[in-house]
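Here is a short briefing on one protein model. Look over the sequence and the structure before reading the points below.

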Amino acid sequence: MKDSNDPVEPGKAADKAAGKAVGGAKGPDELRQRIQETRGQLGDTVEELAAKADVKARARARGAELKGKASEAGHAVQDKATEAGHVVQGKAVEAGHVVQDKAVQAGHVVQDKAVQAGHVVQSRATQAGHAVQDNVPQPVRTAVTNAVQAGKRHPRPVLIAGAGVVVAAGLLRRRHNGHH
């Protein structure tokens, strides 16, 4: 990068551009392009010479340069902060997924244990039912079977009677355990 304080050798850019043009253009379009480049370089050289002579303009230019660098640095910091924010957000999402996966796994474990407990309860209830069935006299089994079939045909009275039996059993149990 050329420092704006370096001395400019007048005609150096022009000589360079002329040397490029002397190499032989391959057509009118390339020649026009080289002429444009040479004009641009000559214009730049003139501007550089004029800028070196204008101290105020150089000071303003240096101030603008420093302001630009400060702005770039600010943007760089902002970009890094944004990137860090995205990284944190990504890690938070990832952690959320991990927690969610663990919760799902725990839910499956609980569900499996509940199913197993349900099977145990069902098995014990079946065993108890068989034990009662084996020990209950035939006339009582017949009466219960008839009551069950009647309950299937007319469920509302059976539900009401069943609720009454549950309440009565609860009261008897409390009384038996010493709670009055």
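Which pattern does the protein follow, read along the sequence? The pattern is α-α-α-α-α, from five helices and zero strands. Helices (H or I, at least four residues) and strands (E, at least two) are DSSP runs, numbered from the N terminus. This is a predicted model, in which local features need pLDDT of at least 70, side-chain atom pairs count only at pLDDT 80 or more, and totals for chains, interfaces and linings use all residues. Residues are numbered from 1 along each chain as its sequence is written, and side-chain values use heavy atoms, with hydrogens and water left out.

**Confidence**
- The protein averages a pLDDT (the predictor's confidence in each residue, from 0 to 100) of 81, and 86% of the residues score at least 70.
- Helix H1 (residues 12-22) has the lowest mean pLDDT among the elements, 50, while H2 has the highest, 89.
- Where pLDDT is low, the predicted coordinates should not be read in detail.

**Burial**
- Of the 180 residues in the protein, 3% are buried; buried means under 20% relative accessible area, exposed over 50%, and partly exposed in between (1.4 Å probe, protein chains only).
- Helix H5 (residues 155-176) has 22 residues, and zero of them are buried, so H5 lies largely in the open.
- From first C-alpha to last, H5 reaches 31 Å, close to the 32 Å expected at 1.5 Å a residue; the expected span is 1.5 Å times one less than the number of residues.
- After H5 comes glycine 178, with a positive phi near 95°.

- Aspartate 29 and arginine 32 form one of them at 3.1 Å, N to O, and both lie in H2, three residues apart.
- Aspartate 29 is exposed at 58% relative accessibility, and arginine 32 is exposed at 52%.
- Glutamate 30 and arginine 34 form another at 2.8 Å, N to O, and lie four residues apart, about one turn of the helix.
- Glutamate 30 is partly exposed at 25%, whereas arginine 34 counts as buried because its relative accessibility is 17%.
- An α-helix has 3.6 residues a turn, so residues three or four places apart point the same way.

- Glutamate 65 forms a salt bridge with lysine 69, with the closest N and O atoms 3.5 Å apart.
- Salt bridges that share partners join Arg62, Glu65 and Lys69 into one network.

Key:
Salt bridge = Lys/Arg side-chain N within 4 Å of Asp/Glu carboxyl O.
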